[in-house]
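Q: Can we walk through the features of this fold together, one at a time? Please start with helices.

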Amino acid sequence: MPDLLIELFSEEIPARMQAQAADGLKKLVTDALVERGLLYEGAKAFVTPRRLALAVHGLPGRQADQREEKKGPRVGAPEGAIAGFLKSAGLASLDQASVQSDPKKGDFYVAVVEKPGRPTPEVIADIIPAIIRGFPWPKSMRWGSGSLRWVRPLHSIVATFGAEGDEPEVVRFEVDGIVSSNVTYGHRFLAPAPITVKRLDDWMAKLEAAKVVVDRDRRKDIILNDAKDLALANGLELVEDEGLLDEVAGLVEWPVVLMGAFEERFLDIPDEVIRATIRANQKCFVLKNPATGRLANRFLLISNLVASDGGAAIVAGNERVIRARLSDAKFFWDTDRVNGLAKNFSKFEHITFHEKLGSQAERIERIRRLAVEIAPKVGAEPALAEEAALYAKADLLTEVVGEFPELQGLMGRYYAQGENLPPEVAAACEEHYKPQGPGDRVPTAPVSIAVALADKIDTLVGFWAIDEKPTGSKDPYALRRAALGVIRIVLENGLRLRLSAPLLLSDSRNWGEARLIHSRAFGDLVLPVHLIDLLSFFADRLKVHLREHGARHDLVDAVFALEGQDDLFLLVDRMTALARFLETEDGKTLLAGYRRAVNILRIEEKKDGRAFTGPTNAALLKEPAEERLAAAIDDVKPRVAAAVAQEDFAAAMTALADLRAPVDAFFDAVTVNDPDPALRENRLKLLDEIRAATRGIADFDRIGG
């Protein structure tokens, strides 16, 4: 079956747009083909700095013929309706239509419209120009006197169609004066002459000979392997960087790896600063000395050509730029160390954190006070936590972080170490930002934990207080990430910390006790409603986190719904025990009995317009089964309460399992809606006692499945 080859040859496409453009071209073309009945066997997109291409394999030579019955108006319909029908069906007169009968609607006209399939090249010639004109580049431009918008000036279009072994035909069309052909061009400097191509394999081979590697993944492999080999040949190790590899693969069509050097004096700068400088300014890879574990004074650059001098001039040019950039970085580093971190404290008073949340200095003070309160609960020394909170943000105003914002925190650690601050303080300067994503580690040092929690809790409480909460599509302040960070820090460190206490402490210090008039109880604390809402947000984030680890979110709901359940570690422990219990036969049967009891209660309470709440009247327990159930509940409730108080949830579940048999026997032997109103009421209260007994563990109403 024939194959299609499309190549759009232009000036340099920005590297950041290439992968998305290749995916976009593939989807747009293949969707359009399928929509027109042209199914294909496979498709692959290619992209280099100067070309965007697509090969589609196994297309039919033409569309299938189509036959469609078009229903028209009733016989005897007005002339206007009949005229419209004839026009839409392409008929000259009603003689070309047939009449069909419907028992309900009577006789009506039907036209059989037959559309012969078109040759595939004709269909392609209609599809491609529209796709080119409407291609969704993030940014595009016009050039010359034309009206076409493209990412960079478009020079030529290759469009060929044909089966293997045959001479493919050129699919003829024109876009803004550019006529499709079978001619492309090789490397801009090494092989700029025009090249006539046929189909995919011929196109790839001829461009390879013309110093163009069209497959992006292959260019990446060439760069990575050649870089490792060159590093190894010089006794060094490549510092791999997938993001940079993606970028440089989009900058070259014929990758050539070269090595350059810089003065050893620059190695006094932290490795991360050297790497950021070389990466950001020259898109070069850095190398590590395996003997020292630190960076070597060498770098690898990726050239786009084979130079006659072996690349000496290219290397020298890059060395000059890198030397200048590293000189700037060294100046910033030396200046910051002379100034010291404490010099930045007063500057934060003049920097706004948020117009409704005050200055950065006010925020740092809130974090400081909260970190001191949290410190004893996480095993940290309050004085160290206080000092760490004061210094944690100080590197934001340093010269190096001003140049490389991605190094915030890390530079704080370096500067703190240089000033001989306590190691716990230096570590917290870097680690209090963590975790910054699902794959990032959480802080484990107590002082780092205290400052990290204070930082994230202050952010969450502040933005909840001013009603700047995340929406379904927007989270500009990364509040979901902050909440998930708190959850991971607590769970992965096994911390016993009630969230409501630091939330309330942070809130009352920021926004005043007056907000408590709009509040309700949460455990033994009274929380403003916005903090209750924030705790619900934590519950939602916890459900997402646990679901990603295979847990049931309905069990999180069931446990979190109980009043005062804001100890995340204990909540997960309780939920895990509940999950294990519900997998047993006792758990499944008890849950079924609970649902039966609650359903009866709801129906009867709705009917009577009142609630039936225990305790029951022992004198009205007439049947042995209800006596045994009442006795079992009286026995189980204190056992569950005692086990929960000792945080022995396995024992609590074991106690709860003792209700299974009495509950089953009760429903088998006892009629709840007895004709005697007193007996009925007492038995409904007994059902409520079942609900009350399970509430010591979780809200069983929220358990699904």
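A: The expected span of a helix is 1.5 Å times one less than its number of residues. Helices (H or I, at least four residues) and strands (E, at least two) are DSSP runs, numbered from the N terminus. This is a predicted model: local features need pLDDT of at least 70, side-chain atom pairs count only at pLDDT 80 or more, and totals for chains, interfaces and linings use all residues. Residues are numbered from 1 along each chain as its sequence is written, and side-chain values use heavy atoms, with hydrogens and water left out.

Q: How many Å should the 28 residues of α8 span, and how far apart are its end C-alpha atoms?

A: The 28 residues of α8 should span 40 Å at 1.5 Å a residue. The end C-alpha atoms are 40 Å apart, which agrees. After α8 comes G340, with a positive phi near 80°.

Q: How do I read a sheet?

A: Strands of a sheet pair through backbone hydrogen bonds, either parallel or antiparallel. Two strands count as paired if DSSP finds at least two bridges between them.

Q: Which strand is joined to β14, and by how many bridges?

A: β16 (residues 295-303) is joined to β14 by 6 bridges, and the two run antiparallel. To find the pairing on screen, look for A261, whose bridge partner in β16 is R298.

Q: What does "buried" mean, and which residues of α8 are buried?

A: Buried means under 20% relative accessible area, exposed over 50%, and partly exposed in between (1.4 Å probe, protein chains only). In α8 the buried residues include I322, L326, F332 and W333.

Q: How many residues of strand β1 are buried?

A: In β1 (residues 3-10), 7 of the 8 residues are buried, so the strand is largely enclosed by the rest of the structure. β1 pairs with β7 in the antiparallel sense over 8 bridges. It pairs with β3 (residues 51-57) in the antiparallel sense over 6 bridges. There, L4 stands opposite V56.

Q: How do I read a salt bridge?

A: Side chains of opposite charge can pair when their charged atoms come close. The cut-off is a side-chain nitrogen of Lys or Arg within 4 Å of a carboxyl oxygen of Asp or Glu. The structure holds 60 salt bridges. One of them joins E604 and R680, with the closest N and O atoms 2.6 Å apart. E604 sits in helix α20 (residues 585-608) and R680 in helix α24 (residues 677-694), so the pair links distant parts of the chain, 76 residues apart.

Q: Are E604 and R680 buried or exposed?

A: E604 is buried, at 4% relative accessibility. R680 is buried as well, at 15%.
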